[in-house]
Amino acid sequence: MGISALTPPPTSEEVLETLLEFPDNRLLIDLCGEFDRNLAQIEQQLSVQIIRRGNQLALMGEADSRAKAATVLGALYQRLEAGREVEPGDIDGEIRMGGSAEGTGVRDGDQLEMFKGGKVEIQTRKKLIEPRTEAQKAYVQALYNNELAFGIGPAGTGKTYLAVAVGVNMFINGHVDRIILSRPAVEAGERLGFLPGAMEDKVDPYMQPLYDALNDFLPGKQVEKLKEEKRIEIAPLAFMRGRTLSNAFVVLDEAQNATTMQMKMFLTRLGEGSRMVITGDRSQVDLPRGVMSGLRDAERILAGVDSISFNYFTAKDVVRHPLVAKIIEAYEADEEG
């Protein structure tokens with residue numbers, strides 16, 4: 001634990017030690033990470049000092065920090081015992097979620113029912129996805145429990161990523177027959193001009209974030225095959241008019257750039273056996289000045305309607321580079337000032 005020149009040295013009563021013992025030395029090596037980088041991350045985020053002594057880890061610092069670090073280390077070790085890896089994002093998620101070591105597996109049976117234990121996990125073809133904040137956990141539960149769900153908050157909070165993950169999970173488990181992903185094709189402040197090629201070539205740049213998410217959860221060849229079979233569709237919002245979307249998992253991304261009329265049109269596409277997720281960031285509206293955002297209007301109109309959930313995220317839920325959260329907070333503070 002670093003001590004600056006301005007901080008008086010702690011007394012022996014203030015600096016206490018918690019000793020953790022790990023029976024499998026091979027797993028302990030994985031727990032520590034290359035050059036102890038995992039321990040360094042926990043030290044930095046929880047303000048503790050961790051020293052390795054054989055098959056033991058000594059934690060030093062304030063009591064609350066030591067207790068939190070011990071819980072996080074226990075949960076990460078249990079993760080390794082289950083045959084899973086520990087990445088920086090997994091460490092960050094354990095710290096944010098309280099590091100509970102209980103309920104590390106998904107509930108047996110249909111994942112559409114209420115989740116068991118403290119963990120929520122989304123199984124896809126390529127990876128297992130875990131919410132990393134309490135807001136993300138509540139959002140994922142809302143996606144499974146409601147036919148229409150809104151995820152609203154700043155960039156980098158996992159709104160679209162988790163929605164697509166849940167869609168893939170429901171698709172591979174047979175709860176829906178297809179996945180439909182849509183975005184308004186609105187330029188983010190710059191004029192792109194004439195784009196060459198067929199219609200798909202013109203709209204693909206707008207849809208790329210949705211392709212990126214899909215390719216994280218499904219093998220590339222399977223994505224292409226499902227697209228050919230129309231079991232996965234990625235299309236601009238304007239292409240949704242006149243359709244009824246039945247037995248589908250439907251995601252509208254960047255919904256803050258939908259107009260009021262477009263939002264009403266999209267919401268009324270919901271058909272039998274379908275689920276719909278609307279995601280957006282109210283601080284990044286690219287609509288022409290004076291045009292009302294359909295996302296804001298939908299919040300007002302649909303507030304209190306049964307079977308519709310609204311989940312909100314803040315800068316504290318950003319799971320990208322830590323600097324992204326600070327940038328968002330700085331912009332919010334400037335707007336409030």
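Modeller: A salt bridge is a side-chain nitrogen of Lys or Arg within 4 Å of a carboxyl oxygen of Asp or Glu. Please keep in mind that this is a predicted model.

Biologist: How many salt bridges does a search of the whole structure find?

Modeller: The search covers the whole structure. With the 4 Å cut-off for nitrogen and oxygen, the number of salt bridges found is 15.

Biologist: Arginine 183 forms a salt bridge with aspartate 253; how many residues apart in sequence are the parts that the pair ties together?

Modeller: The closest N and O atoms of arginine 183 and aspartate 253 are 2.8 Å apart. Arginine 183 belongs to strand 7 (residues 178-183), while aspartate 253 is in the loop between strand 9 (248-252) and helix 9 (260-267). The pair therefore ties together parts whose separation in sequence is 70 residues.

Biologist: Which residues of helix 2 meet helix 1?

Modeller: On the side of helix 1, the residues are Asp30, Leu31 and Cys32. Their partners in helix 2 are Arg37, Asn38 and Leu39.

Biologist: Into which classes do the residues lining the largest pocket divide?

Modeller: The largest pocket holds about 880 Å³ of space, and 40 residues line it. Thr157, Gly158, Tyr161, Leu162 and Val319 lie nearest its centre. The lining divides into twelve nonpolar, twelve polar and 16 charged residues.

Conventions: Residues numbered from 1 in each chain as written. Predicted model: local features only at pLDDT ≥ 70, side-chain atom pairs only at ≥ 80, totals over all residues. Heavy atoms only, no water. Contact = heavy atoms within 4.5 Å. Helix = DSSP H or I, 4+ residues; strand = E, 2+ residues; numbered from the N terminus. 1 Å grid on protein atoms, 1.4 Å probe; cavity = no way out; pocket = protein on both sides within 12 Å on 5 of 7 lines; lining within 4 Å. Points joined across faces, edges and corners; volume = space filled by probe spheres on them. Nonpolar A, V, L, I, M, F, W, Y, C, P; charged D, E, K, R; others polar.
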